[in-house]
Amino acid sequence: MSIIELKHVKKKYAHTEKYAVKDFNLTIHSGEFIVFVGPSGCGKSTTLRMIAGLEDISEGDFLIDGIRVNDMSSKDRDIAMVFQSYALYPHMSVRDNIGYGLKLRRFDKNDIKERVNAIAEVVGISEYLEKKPKALSGGQQQRVALGRAMIRTPKIYLMDEPLSNLDAKLRTSTRAEIARMHRAKGAVTIYVTHDQVEAMTMADRIVLMSMGEIQQIGSPRDLYENPKNMFVATFMGMPPMSTIQGSYKDGYFTCVGFTIKLSPFDRQILDGSGYNHSNIIIGIRANHIKMGTTYEHHFPETVITITVMNIEYLGDSKNIFFEPEPGVVFVATIEPHAEISIDDTIQLVIDPNNIHLFDAKTKDSIKYHTKKLGHS
Amino acid sequence: MKKISKFQVIKFLGISFNYFILIFMSIIILFPLFITLMSAFNQKNSLFSITLIPEKISLTQNFIHLSTRTSYWHWYLNTFTISIASTLGALMIIIISGFIYSRYRFKARKPALITLLVVQIIPPSSTLIALYAIANSLGIYQSAYSVPLTYLFMIFVYITTGSTINTIIMKSYFDSVPRDLDESAKIDGASHFQIFKDILLPLVTPMIVVLGVFTFLIPIGDVIMPRFLLASLHSKDTTLALGLNTLISDFKNSNPNIFAAGAILAAVPPVVIFFIFQKYIVSGLTAGGVKG
């Protein structure tokens, strides 16, 4: 059973004032699939590279099984890594690429051959073993890179956006394959991506980062249903959550575009936390904005009237874009056959039981702590 | 009758023009070579026989003259000893320093690279007198081993002059190898030396060959430096370029045909090397165009 601990890990590059990674704390248990996700430049790759030993850790401790490995070189940390560019050695055959790590560890030649054959079988590249990487397609190269990592049994697998160079279809199938391999190996996998769909589908726990700081750590469901702040709320989920600032007064939320009555639960929290007569931000996911008379009957106090700005037809649903306030774009996902065209004025219903509340100044979720208590 | 479109005419004219230029340039390059070759086999002692192909052809006469009445094979040995030694020495410096400048970050890196660039601007010939003075004050010419020491000194000079700009070229070629490969090898468990030996060295081979061939060729064609540094030595201890030069420098007693024969023989090793390393030379020279 291995435990990986990152304690107050910070990264500051030479000649810069700012920290690229600020105070990173995380404990990873054996067999976990951890995904670091965030926009570009948020420090997720830097953190991964510090774990890999490719970057120095400026401050803090990195422990594997209780042993501090900050100053240990990559090869002694017992890790394997898949790079975004795959980083296959162009002058070596696929076989040598996969077997290089074993060769350096002075494995027996026949042993290497057997292991390479076995792993090639698993990732499905047996017929290309004698070819050079250049002769393979992107997907095949990706498999070689996976195979090269899988041939050893390290404590930690590191993956730096391994799917970003694949086309959409291949990405979906490879995603499933990586998840399957992770389960088969039972080691810790740390996976970096900027794609929240990859994070949602693969992770046991997601570490969402922004500007070098951890925004929230939790299961995909935690992050989606109970975001800690507005950044987490808008980053997770597709289409992104719509948010708007307005004022809260005696149970009613008023912004430029509309006025709605909040649910008793929300009102209780807002009143209890002293938000009456003050500015708040509300967030609504696209699938919580409904259309139809049934909903209007159900929730008559959250009906809003809007002008359709744009429509995206997706086959199984339709995304409707509108601007309650100029410059603030809202998205509603409705059933695909609704007869609506651009510039129509229609009525939509916000589900009052699924409104996220954020502090207007700190952008922190107002309901985060209450919901968290409710969970346990 | 088929109608010929305007486009086809333009295309044909374009191709013709390309071939015209190619043929024209080939003639300019090949014709002197042809004359040299012909005069090397010419029995009469004249550079220009009345016909293009000499009337009396002898395959061996001029070469025998070269072997028996001059110290040609001494010069040959001297020259290629210098060439090989300075190539090996320069390559060693170029490869290692190119690797370090490309892969490691240290304080003196930028100043050192700029210094290399500046030093490289000064033509080596401008320091010839100083080189002679240095050799002299080191006591090389007075020593009992003046010949080997002089050659060692020359090799040293060729290594230094040959490794300034080439280090920078090598560095940029190392730069074109993605760092991901180093890092991947590092995680695979490779040491710094193994990364260098297993990953980078095979990938920069084309440039090593190109720079190697260029450094190899310099001593073969160099007349000026040997003239200064080897002036006081016996005529058999000189280099090819200088030795052959003595055959035609005296206008009255000049032997252009012997010279031509010597020049043809001197060209053999470089040509062979070019043929062996053709593949690398092409890929090395066209490097950086399109990355595969």
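Analyst: Start with the largest nonpolar core, which holds 147 residues. Within this core, Val35(A), Met81(A), Leu158(A) and Ile190(A) touch the most other members. Helix H9 of chain B, residues 192-221, gives the core its largest share, nine residues. Both domains of chain A take part too: domain 1 (4-231) and domain 2 (232-375) each supply at least three residues of this core. Keep in mind that the model is predicted.

Take Ile190(A) as an example. Leaving aside residues up to four places away in sequence, Ile190(A) touches Ile34(A), Phe36(A), Leu48(A), Ile51(A), Ile156(A) and Leu158(A). One of these partners, Leu158(A), is itself among the residues that touch the most other core members.

Now the two domains of chain A. Across the boundary, 13 residues of domain 1 of chain A are in contact with 18 residues of domain 2 of chain A. On the domain 1 side, four elements of chain A each supply at least two residues: helix H6 (196-202), strand E10 (213-218), helix H7 (220-225) and helix H8 (230-235). By class, that side has seven nonpolar, five polar and one charged residues.

Next, the contact between the chains. Here 18 residues of chain A are in contact with 15 residues of chain B. Strand E6 (79-82) and helix H2 (94-104) of chain A are the elements that give two or more residues to the chain A side. That side counts eleven nonpolar, four polar and three charged residues.

Chain B itself, the source of helix H9, has twelve helices and zero strands. Its pattern along the sequence is α-α-α-α-α-α-α-α-α-α-α-α. The radius of gyration of chain B is 24 Å, well over the 19 Å that the globule rule gives for 292 residues, so chain B is more spread out than a compact globule. Along the principal axes, the C-alpha atoms of chain B fill a box of roughly 85 × 70 × 30 Å. Buried residues make up 30% of the 292 residues in chain B. Among contacts in chain B with a separation of 6 or more, 71% join residues 24 or more positions apart.

Helix H9 of chain B provides its largest share, while both domains of chain A contribute at least three residues each.

Technical notes:
Residues are numbered from 1 along each chain as its sequence is written. Chains are lettered from A and ligands numbered from 1 in the order in which they are written. This is a predicted model: local features need pLDDT of at least 70, side-chain atom pairs count only at pLDDT 80 or more; totals for chains, interfaces and linings use all residues. Two residues are in contact if their C-beta atoms, placed from the backbone, lie within 7 Å. Ala, Val, Leu, Ile, Met, Phe, Trp, Tyr, Cys and Pro count as nonpolar, Asp, Glu, Lys and Arg as charged, and the others, Gly among them, as polar. The radius of gyration is taken over C-alpha atoms; the globule rule is 2.2 Å times the number of residues to the power 0.38. A residue is buried if 20 or more other C-beta atoms lie within 10 Å of its own, exposed if 12 or fewer, and partly exposed in between; C-beta atoms are placed from the backbone. A nonpolar core is a set of buried Ala, Val, Leu, Ile, Met, Phe, Trp, Tyr and Cys residues joined through C-beta atoms within 7 Å. Domain bounds come from an automatic or database domain assignment.
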